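Good morning. I will go through one structure today, part by part, and give each term its cut-offs when it comes up. Please have a look at it first.

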Amino acid sequence: MEKIIREKEVKEITGLSRVTLWRWSSSGNFPKPIRLGENSKGWLSSEVQEWIAERTKSSRKEVGE
């Protein structure tokens with residue numbers, strides 16, 4: 001079963017600020033949140049983990065060049 005995580009946990013996991021999180025989500029540089037209700041949103045944990053893995057791989061590739 002897929003886990004949905006809220007903004008606070010996403011910020012803790014990624015180290016991103018609230019502003020950066022929303023700016024990157026809007027621009028396509030971070031997974032978009034899903035609407036949970038009228039005033040609440042969350043992210044799929046798997047998408048956030050995939051984003052972290054891609055960033056790590058990309059970062060390691062740059063360092064190794």
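This is a predicted model: local features need pLDDT of at least 70, side-chain atom pairs count only at pLDDT 80 or more; totals for chains, interfaces and linings use all residues.

I start with Trp-24, which is partly exposed at a relative accessible area of 24%.

Residues are numbered from 1 along each chain as its sequence is written, and side-chain values use heavy atoms, with hydrogens and water left out.

Now the overall layout. The protein chain has three helices and three strands, and from the N terminus on the elements run β-α-α-β-β-α. Helices (H or I, at least four residues) and strands (E, at least two) are DSSP runs, numbered from the N terminus. The C-alpha trace spans about 45 × 30 × 20 Å along its principal axes. Of the 65 residues in the chain, 25% are buried.

Next, the sheet. In what order do the three strands stand in the open sheet? The order is β1-β3-β2, with antiparallel pairing. Two strands count as paired if DSSP finds at least two bridges between them. Strands β1 and β2 stand at the edges with a single partner strand each, so one side of each has no neighbour in the sheet. In general, strands of a sheet pair through backbone hydrogen bonds, either parallel or antiparallel.

Strand β1 covers residues 4-5 and is joined to β3 by two bridges. There, Ile-4 stands opposite Leu-44 in β3. Between β2 and β3 there are three bridges, and Gly-37 has Ser-40 in β3 as its bridge partner. A hairpin of two residues connects β2 to β3.

A pair of aromatic rings is described by the distance of the centres and the angle of the planes. Rings of Phe, Tyr and Trp (its six-membered ring) pair if their centres lie within 6.5 Å; planes under 30 degrees apart count as stacked, over 60 as edge-to-face, and the rest as tilted.

How many aromatic pairs does a search of the whole structure find? It finds four. One of them is Trp-24 with Trp-51: the ring centres are 6.2 Å apart and the planes are at 55°, so this pair is tilted. The two residues come from distant parts of the chain, Trp-24 in helix α2 (residues 18-27) and Trp-51 in helix α3 (residues 45-64), 27 residues apart. Trp-51 is buried, with a relative accessible area of 13%.

Phe-30 and Trp-43 form an edge-to-face pair, 6.5 Å centre to centre and with 65° between the planes. Phe-30 lies in the loop between α2 and β2, and Trp-43 in strand β3 (residues 40-44), so the pair ties together parts that are 13 residues apart in sequence. Phe-30 is buried at 3% relative accessible area, and Trp-43 counts as buried at 1%. Trp-22, Trp-24, Phe-30, Trp-43 and Trp-51 form one aromatic cluster.

On to helix α1, residues 7-14. Glu-7, Val-10 and Thr-14 are buried in this helix. Seen down the axis of α1, the buried residues fall within an arc of 60°, so they line one face of the helix. The arc is that of the directions from the helix axis to the C-beta atoms. Lys-8 and Glu-12, on the other side of α1, are exposed. Just after α1, Gly-15 takes a positive phi of about 80°.

Last, the charges. A salt bridge is a side-chain nitrogen of Lys or Arg within 4 Å of a carboxyl oxygen of Asp or Glu. The whole structure has two salt bridges. Glu-7 pairs with Arg-18, and their closest N and O atoms are 3.1 Å apart. This links Glu-7 in helix α1 with Arg-18 in helix α2, eleven residues apart. Lys-3 pairs with Glu-9, with the closest N and O atoms 3.7 Å apart. Lys-3 is partly exposed at 48%, and so is Glu-9 at 30%.

That is the end of my part.

Note on methods: Buried means under 20% relative accessible area, exposed over 50%, partly exposed in between (1.4 Å probe, protein chains only).
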